[in-house]
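Please look through the sequence and the model shown here before reading on.

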Number of protein chains: 2
Amino acid sequence: MGKNNNEEFVQHIASRTEDFAKWYTDVVLKNDMADYSEVKGCMVIKPYGYAIWELMQQQMDQRFKDTGHVNAYFPLLIPESLLMKEAEHVEGFAPEVAWVTQGGTEQLTERLAIRPTSETIIGTMYSKWIQSYRDLPVLMNQWCNVMRWEKSTRPFLRTSEFLWQEGHTAHATFDEAQEETMRMLGVYKDFAENVLAIPVLTGRKSEKEKFAGAYATYTMEAMMQDGKALQMGTSHNLADNFAKGYDIMYLSKEGKQEYCYTTSWGTSTRMIGGVIMVHGDDRGLVLPPRVAPYQVVIVPIAAHKEGVMEQAKALLATLKAAGLRAKLDDSDQSAGWKFNQWEMKGVPVRLEVGPKDIENRQVVLVRRDTHEKQFAPIEGLGQTLPALLDDIHVSLFNRALANREAHTQDVEGFEAFTQAVQGGFARAPWCGERACEDEIKALTGASTRCYLLDYDAGAHGDNCVFCGKKAKHMMYFGKAY
Amino acid sequence: MGKNNNEEFVQHIASRTEDFAKWYTDVVLKNDMADYSEVKGCMVIKPYGYAIWELMQQQMDQRFKDTGHVNAYFPLLIPESLLMKEAEHVEGFAPEVAWVTQGGTEQLTERLAIRPTSETIIGTMYSKWIQSYRDLPVLMNQWCNVMRWEKSTRPFLRTSEFLWQEGHTAHATFDEAQEETMRMLGVYKDFAENVLAIPVLTGRKSEKEKFAGAYATYTMEAMMQDGKALQMGTSHNLADNFAKGYDIMYLSKEGKQEYCYTTSWGTSTRMIGGVIMVHGDDRGLVLPPRVAPYQVVIVPIAAHKEGVMEQAKALLATLKAAGLRAKLDDSDQSAGWKFNQWEMKGVPVRLEVGPKDIENRQVVLVRRDTHEKQFAPIEGLGQTLPALLDDIHVSLFNRALANREAHTQDVEGFEAFTQAVQGGFARAPWCGERACEDEIKALTGASTRCYLLDYDAGAHGDNCVFCGKKAKHMMYFGKAY
């Protein structure tokens with residue numbers, strides 16, 4: 001019965017190789033992670049998806065606090081005149097802003113933007129709050145919703161409204177701002193790899209791809225199973241660009257009025273899309289244990305037999321006491337149905353317990369990632385399971401890393417380049433010119449993802465993979481979400 | 001020195017008796033809890049204020065989860081046509097809605113409301129998600145921002161944008177919805193009393209004061225130190241009103257299509273205003289320990305003397321290890337300045353440690369609420385302090401309760417009534433008529449706050465305190481924020 005059930009179940013999810021986009025949507029919708037709403041481009045994050053976000057938030061927030069940041073909350077609405085003060089920034093964001101023009105029955109004299117990001121409103125407040133070098137650095141973060149009017153949207157990956165965190169800091173010098181920018185890029189990488197089990201490339205964005213108004217944008221980029229890139233988070237050194245636009249100044253030790261140097265950095269619910277596309281398989285979601293709402297699901301076998309439900313309940317209590325997020329599926333569905341259901345939902349470990357197991361004082365553990373089955377003594381599950389979950393984390397990470405490495409090529413010549421970006425990343429010397437970048441994109445669909453920070457293409461005498469001019473950077477190219 | 005410093009410091013805060021409104025604003029602004037923004041009616045919640053909100057969130061969220069609720073996230077924007085489906089609801093909220101009319105460069109064909117509350121959008125989703133009695137109950141909550149276009153605003157108490165949580169549930173029967181409504185009112189009361197140390201009256205709202213579209217609204221009301229009421233949270237039984245408006249139906253066990261019964265319930269950052277006005281004194285904020293960002297501040301005395309800073313740091317480590325939120329003030333300000341600073345910021349306990357104390361293996365503990373000083377052995381502070389904090393919690397609660405009881409009068413006749421509502425609550429039989437309620441408000445400034453659930457005024461043969469008609473309810477009246 002398990003088999004038939006299984007087939008019936010998984011046929012609802014498209015296979016990754018046949019239609020990756022449909023597979024993704026199936027996984028999101030059938031797992032109740034998100035749903036479309038009545039508002040074009042806005043999604044509902046359903047409880048199973050939101051629980052993943054809560055776990056991400058907790059673990060990221062702890063990292064922000066450990067690095068000295070505090071949370072605050074700034075207004076949703078930004079007067080148009082305020083948004084306009086940093087020229088590059090406006091140009092980048094104005095086309096995708098939603099505008100409030102009426103408040104109650106009153107027609108507003110000035111349009112208000114729903115924040116697409118908050119540099120402008122936060123900069124205005126920093127200008128008021130920061131007086132002296134003693135006030136620096138200012139290290140704040142906020143968790144909030146933002147809105148960017150998007151034409152085509154996909155749950156988690158690109159929606160008009162999304163949830164994110166945005167850090168905003170102000171410093172006395174360029175160097176301190178740069179240090180903060182890199183520190184937070186490091187925090188992001190640590191989070192992606194050690195919590196989400198997603199290996200990320202970190203590097204710098206081209207001028208075209210950088211944040212509107214930034215001096216320099218650094219990014220972490222992950223490879224999805226279809227070979228495409230997902231930008232998972234960015235950290236910007238804004239230098240004194242916003243300080244000049246928003247008049248953020250301080251009185252130095254030497255008694256001089258100086259501009260501050262600011263940074264901003266952000267990650268969003270988009271990372272949930274990354275988790276799905278990096279780890280999932282044809283049976284559905286595969287969740288990394290540290291963000292799995294349930295890490296272990298207990299499925300009683302022959303639940304009607306004496307002692308089974310009692311043992312299952314006792315196990316639930318044991319696992320919870322060990323700090324695990326555990327669930328007992330005591331519904332009246334068949335065991336086979338439950339297996340499929342919780343596989344689709346990506347729970348890292350299934351624990352089966354039946355009359356035979358109880359006799360032998362053991363349980364069956366089934367890993368979601370490899371489908372491996374093992375027996376484990378009931379005694380000591382509070383230690384066995386955390387170790388198994390750590391092992392799953394490492395396996396997921398290694399599998400994703402191997403996939404990225406298998407689909408990343410150092411290419412010579414544009415033909416090899418064009419080939420490489422069809423199914424992954426191409427790494428190649430690049431001239432740094434916008435025109436060249438645009439042409440590559442037009443011809444291949446690939447964009448610049450990030451360039452190595454510690455490689456001086458000039459010193460190596462490299463030439464640009466496309467135009468043949470003297471190369472400046474060693475750049476990763478790829479098609480991107 | 002301490003004294004002079006003290007006077008200089010506290011003179012910046014208005015006294016409560018002279019100008020309670022100015023005292024409130026002083027406490028908010030001088031403690032960096034919130035600030036005004038460039039957008040009329042919108043405030044910035046600064047880190048010290050936001051840290052209190054985070055502690056509130058954590059402890060409330062745990063209570064929601066313990067009662068079976070899950071979190072989700074619904075869109076910020078609501079199409080006008082959707083908002084219009086429940087007639088009473090629209091009438092109540094339309095005048096204070098902010099409208100989005102442009103997205104990017106495009107003029108929208110339909111206006112989008114920024115959510116003033118989310119019954120309409122959530123109801124629409126529930127209509128889609130709920131099919132059968134097996135899907136019920138649905139028990140969801142969301143933490144988000146909402147917007148109500150307000151003319152006059154005050155930080156935390158009334159702002160156009162504010163942060164809140166809104167619970168939305170759907171049930172098979174009216175009775176189950178009623179049970180949920182009362183359960184969450186109980187959760188709120190438990191939270192207010194056991195976390196915020198604020199005693200609250202719970203009861204039912206008049207028809208005039210109930211939530212637009214609700215069948216019945218229940219509320220918790222607290223008395224501020226100026227005798228005014230603050231509505232701290234509400235829980236609504238929506239009966240099948242929204243189910244009919246938004247087509248939320250289920251197939252019953254008997255195979256019949258039935259309307260669901262829904263509830264909603266909310267609390268907001270407004271509670272921070274309540275904490276300030278219930279507990280604060282002329283030196284500033286007095287924080288209840290369970291939401292104090294710092295529960296204990298360590299002030300080293302003669303910090304330059306040998307061993308003092310080392311001991312202070314060791315104490316910090318001890319307190320943190322005991323799970324306390326502790327701060328060591330190692331700035332180069334004078335001890336007197338620090339005393340005043342942390343008193344103003346409302347930290348429940350100040351711990352002083354100097355050379356003499358170290359010799360005697362003791363510290364000085366000073367309670368923020370009573371200013372009582374006591375010596376305590378260094379050994380065992382990990383137990384002494386939590387007990388002291390619990391004691392402070394109880395004291396704060398009792399003081400607030402005594403204040404409310406001293407300013408609540410059972411009144412006979414309208415003269416006594418008018419007197420009573422000048423400085424507190426009047427409790428009196430009331431007819432339940434809207435016209436009578438409006439006239440009382442016009443004459444005295446007092447509104448109906450809530451009526452007792454277990455008192456049948458009719459059975460007692462009471463007459464309305466104002467119009468003399470047969471009374472229906474035993475009602476609390478008061479002026480309100």
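**Where the two chains meet**

Strand 5 (residues 98-103) of chain A and strand 5 of chain B run antiparallel and are joined by five bridges. Two strands pair if DSSP finds at least two bridges between them, and the elements themselves are DSSP runs numbered from the N terminus, helices being H or I with at least four residues and strands E with at least two. Within this pairing, A:Q102 stands opposite B:W99.

This is a predicted model, in which local features need pLDDT of at least 70 and side-chain atom pairs count only at pLDDT 80 or more, while totals for chains, interfaces and linings use all residues. Residues are numbered from 1 along each chain as its sequence is written, and chains are lettered from A and ligands numbered from 1 in the order in which they are written.

The contact between the chains takes 43 residues from chain B and 43 residues from chain A, where two residues are in contact if their C-beta atoms, placed from the backbone, lie within 7 Å. On the side of chain B that touches chain A, strand 5 (residues 98-103) of chain B gives the most, with six residues. The residues of that side divide into 28 nonpolar, nine polar and six charged; here Ala, Val, Leu, Ile, Met, Phe, Trp, Tyr, Cys and Pro count as nonpolar, Asp, Glu, Lys and Arg as charged, and the others, Gly among them, as polar.

**Chain A as a whole**

Chain A has 16 helices and 23 strands. Its radius of gyration is 25 Å, close to the 23 Å that the globule rule gives for 481 residues, so chain A is as compact as a globular protein of that length; the radius is taken over C-alpha atoms, and the rule is 2.2 Å times the number of residues to the power 0.38. Along its principal axes, the C-alpha trace of chain A spans about 80 × 55 × 50 Å.

**A sheet in chain B**

In chain B, five strands form an open sheet with mixed pairing, in the order 16-15-17-18-19. Strand 16 (326-328) and strand 19 (373-377) of chain B stand at the edges, each with a single partner strand, so one side of each is left without a neighbour in the sheet. Strand 15 (residues 296-300) and strand 17 (residues 349-353) of chain B run parallel and are joined by five bridges, and the bridge partner of B:P300 in strand 17 is B:V353. Helix 11 (residues 335-344) of chain B packs on the sheet, touching strand 15 and strand 17 of chain B.

Note on methods:
Axes fitted to C-alpha atoms, helices over the stretch in contact; angles between N-to-C directions.
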